Amino acid sequence: MTRIRRNRDGRIAVTLSADEFIALTRMEADLLGTLADRLRSIADGAVVPSPLFPDAYRDDDHASAEFHSLTDVDLVTAKSDGARGVMDAFTDAEPTTSGSLLRGERAARTATFDDQGVHALLRNVTDLRLLLADRLAIEHDGDEGLAGREHDLERALYWWLGETQERLVAALSIGAFGR
């Protein structure tokens with residue numbers, strides 16, 4: 001399970017198990033692919049609203065298209081930079097074990113973030129969660145989305161990301177109200 005703690009220096013340490021790191025890496029690659037697809041659709045002039053790129057003017061197609069034409073490239077850039085920043089933080093982290101790799105234990109990774117970095121991580125986790133929610137057809141809190149065992153892994157990742165969001169917000173709150 002992801003471990004999140006505020007260090008004495010005020011920074012927040014996030015430890016991912018080896019399996020969580022692998023899952024995060026795959027989801028980040030998926031997000032980057034989705035963002036690349038968005039750039040292609042912008043270039044083709046075929047932009048449609050999505051949870052990652054919500055509509056500002058639902059009742060006005062012209063205003064909505066103009067909004068997306070003015071904001072989507074910058075939003076894709078920010079989301080891509082965020083995904084790469086999160087992956088860099090965990091990839092650059094020294095793998096650690098609590099025991100012996102000879103016993104089959106795989107290395108965890110701990111990345112440390114200042115408050116600004118945690119906010120970037122939160123935005124990225126939100127993007128990943130929105131991507132999964134869209135694929136699972138989850139539309140609101142309490143919605144289980146698509147049924148079937150073939151969706152169990154994505155649903156588990158969706159809930160794991162939600163728990164991670166909640167724990168990151170709690171860690172930030174500790175810093176805001178004293179250590």
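The axes of helices H2 and H3 come within 9 Å and cross at roughly 110°, where axes are lines fitted to C-alpha atoms, for helices over the stretch in contact, and angles run from 0 to 180 degrees between N-to-C directions. H2 and H3 are therefore roughly perpendicular to each other, a term that covers angles of 65 to 115 degrees. The contact (heavy atoms within 4.5 Å) is made by Lys79, Gly82, Ala83 and Val86 of H2 together with Leu121, Asn124 and Asp127 of H3. The model is a predicted one, in which local features need pLDDT of at least 70 and side-chain atom pairs count only at pLDDT 80 or more, whereas totals for chains, interfaces and linings use all residues. Residues are numbered from 1 along each chain as its sequence is written, and side-chain values use heavy atoms, with hydrogens and water left out.

Helix H2 comprises the 32 residues 61-92, helices being DSSP runs of H or I with at least four residues, numbered from the N terminus. At 1.5 Å a residue H2 should span 46 Å, and its end C-alpha atoms are 44 Å apart, which agrees; the expected span is 1.5 Å times one less than the number of residues. At the N-terminal end, H2 is capped by Asp60, a side-chain oxygen of which lies 3.2 Å from the backbone nitrogen of His62. Among the buried residues of H2 are Ala63, His68, Asp72, Val76 and Phe90, buried meaning under 20% relative accessible area with a 1.4 Å probe and protein chains only. Their cover includes helix H1 (18-44) and helix H3 (115-136).

Terms used: Helices (H or I, at least four residues) and strands (E, at least two) are DSSP runs, numbered from the N terminus. Buried means under 20% relative accessible area, exposed over 50%, partly exposed in between (1.4 Å probe, protein chains only). A polar contact is a pair of N or O atoms within 3.5 Å; within protein, one must be able to donate a hydrogen and the other to accept it, and residues adjacent in sequence count only if both atoms are side-chain atoms. Angles under 35 degrees count as roughly parallel, over 145 as roughly antiparallel, 65 to 115 as roughly perpendicular and the rest as oblique.
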